[in-house]
Amino acid sequence: MASIMGLSNLAGISSGVSFPASQRRLTTGAKVGSSFKIMCTSGDGIKKVVEPDLSVNVNGLNMPNPFVIGSGPPGTNYKVMKKAFDEGWGAVIAKTVSLDAAKVINVTPRYARLRAGVNGSAKGQVIGWQNIELISDRPLETMLSEFKQLKEEYPDRILIASIMEEYNKAAWEELIDRVEQTGIDAIEVNFSCPHGMPERKMGAAVGQDCDLLEEVCGWVNAKATVPVWAKMTPNITDITQPARVSLRSGCEGIAAINTIMSVMGVNLKTLHPEPCVEGYSTPGGYSSKAVHPIALAKVMSIAQMMKNEFPNQDLSLSGIGGVETGGDAAEFILLGANTVQVCTGVMMYGYDLVSKLCDELKDFMRTHNFATIEEFRGASLQYFTTHTELVRIQQEAIKERRAIKKGLANDKDWTGDGFVKESESMVSN
Ligand SMILES: Cc1cc2nc3c(=O)[nH]c(=O)nc-3n(C[C@H](O)[C@H](O)[C@H](O)COP(=O)(O)O)c2cc1C
């Protein structure tokens with residue numbers, strides 16, 4: 001166990017020292033200790049298995065497990081957010097709100113799906129999901145009164161407001177003030193919606209421009225009294241740049257990723273692109289299983305940046321993208337995420353998905369004797385290096401194996417009897 005704990009320390013982004021901005025923020029509850037082990041020896045010398053502990057403490061917020069409803073349809077009104085708490089989600093992030101919902105006009109259809117299987121056969125499993133849905137089109141007053149009601153009914157559960165506004169300091173300040181008055185526990189700032197309203201300098205239009213982002217983050221963090229997470233767009237060359245700017249500007253956490261800019265396809269009979277609205281379409285946001293590997297890469301590079309540039313600070317990272325199993329979540333955590341958000345998975349499989357996610361994550365932890373999330377958070381980050389370094393490591397390893405002379409030395413030794421086996425023996429000899 002000692003070596004396992006050593007690995008998690010290598011991630012270097014575990015909680016400890018407070019980030020200056022967080023000192024003015026409200027904190028609730030104590031840090032979760034990582035000291036108890038999954039195996040303990042009782043007085044009679046028999047080893048007993050201790051149930052893995054999924055609880056996390058993130059920026060001072062206590063959650064029963066790391067599974068968070070990602071902003072979107074699963075957090076769109078009181079009824080569904082209540083369902084999420086009742087089913088046991090660790091936290092809920094509501095659908096993004098802005099001051100004037102009347103400016104948000106949605107169209108239908110607004111979703112399109114990509115299925116696995118021959119020519120996207122209608123029976124194939126859904127692996128990709130595109131939406132051209134905007135932020136919440138429900139009146140802000142309605143959303144705020146629902147946040148208030150939820151916090152009154154579930155005072156110990158974590159409710160996070162997702163917000164987005166135009167490039168206007170007073171508007172951001174008013175929105176922050178109004179959402180905070182409902183008693184929400186934290187704010188996620190949507191700097192990342194890929195479609196709609198770029199002309200109003202909203203969403204990804206801010207997240208893709210580091211100067212603009214720094215200015216808006218400055219306004220937000222000067223006003224907010226609860227922890228602030230900045231949600232990143234993957235539609236940018238280097239996602240560590242806006243993540244760095246957000247943390248330097250006082251945000252306590254980074255959430256990544258929002259959807260990936262996409263065109264789902266073109267109907268080969270009608271020649272119209274999908275989703276098709278009166279014959280026309282617009283690029284949308286891609287999510288679900290197919291984006292998981294891309295999200296892992298983005299989270300990995302943000303975690304490396306945080307480990308190197310913001311060590312030992314109470315900052316957090318929330319991994320998002322294509323989570324459907326406890327294993328998907330474990331991967332995000334192994335790459336440094338404190339929490340894991342799920343949006344499309346809930347739309348496809350329902351709110352009770354959380355019990356499967358918890359069971360599968362616990363199974364993973366039991367297999368490795370991990371007692372807490374902190375024990376393995378960031379443990380796999382150390383295995384990433386450059387391609388140049390991979391070449392050097394492999395050449396050295398081959399040299400060492402050749403010294404023991406097993407398998408074929410090189411191509412001239414091939415017998416032609418089982419090329420795959422012979423080629424593998426060259427690598428492993
Ligand atoms: C239909 C739909 C609507 C969404 N609306 C929002 C939103 O209002 N605000 C936001 O920050 N993200 C929104 N998202 C993005 C998700 O929160 C999430 O970042 C993304 O879908 C990737 O995660 P997933 O594969 O678990 O869905 C939306 C996603 C979908 C599919």
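A residue is taken as buried if 20 or more other C-beta atoms lie within 10 Å of its own, as exposed if 12 or fewer do, and as partly exposed in between, with C-beta atoms placed from the backbone. The model is a predicted one, in which local features need pLDDT of at least 70 and side-chain atom pairs count only at pLDDT 80 or more, whereas totals for chains, interfaces and linings use all residues. Residues are numbered from 1 along each chain as its sequence is written.

By the burial criterion, 46% of the 429 residues of the protein count as buried. The protein has 13 helices and 18 strands; these are DSSP runs numbered from the N terminus, with helices (H or I) of at least four residues and strands (E) of at least two. Among contacts between residues at least 6 apart in sequence, 73% join residues at least 24 apart, a contact being a pair of residues whose C-beta atoms, placed from the backbone, lie within 7 Å.

Eight strands close into it in the order β5-β6-β9-β10-β11-β12-β17-β18, with parallel pairing; two strands pair if DSSP finds at least two bridges between them. From one strand to the next, the twist averages 25°, where axes are lines fitted to C-alpha atoms (for helices over the stretch in contact) and angles run from 0 to 180 degrees between N-to-C directions. Five of the five residues of β10 are buried. In a regular strand the side chains alternate between the two faces of the sheet. Both faces of β10 are covered, with Ala-186, Glu-188 and Asn-190 buried on one side and Ile-187 and Val-189 buried on the other.

Helix α2 (residues 78–87) packs through its buried residues against β5 (67–69) and β6 (91–93), and also against α3 (140–153). Met-81, Ala-84 and Phe-85 are the buried residues of α2. Seen down the axis of α2, they fall within an arc of 95°, so they line one face of the helix; the arc is that of the directions from the helix axis to the C-beta atoms. Lys-79 and Asp-86, on the other side of α2, are exposed. Just after the helix, Gly-88 takes a positive phi of about 105°.

Four strands form an open sheet in the order β7-β8-β16-β13, with antiparallel pairing. Its edges are β7 (111–115) and β13 (260–262), each with a single partner strand, so one side of each is left without a neighbour in the sheet. β7 and β8 (residues 126–131) pair in the antiparallel sense over five bridges, and Trp-129 in β8 is the bridge partner of Arg-113.

Turning to the ligand, 27 residues surround it, the closest being Gly-70, Gly-72, Ser-287, Cys-343 and Thr-344; a residue is near a molecule if its C-beta atom, placed from the backbone, lies within 6 Å of it. Two or more residues of this shell come from each of β8 and α10 (344–349). By class, the shell has nine nonpolar, 15 polar and three charged residues, where Ala, Val, Leu, Ile, Met, Phe, Trp, Tyr, Cys and Pro count as nonpolar, Asp, Glu, Lys and Arg as charged, and the others, Gly among them, as polar.

Conventions: Contact = placed C-beta atoms within 7 Å.
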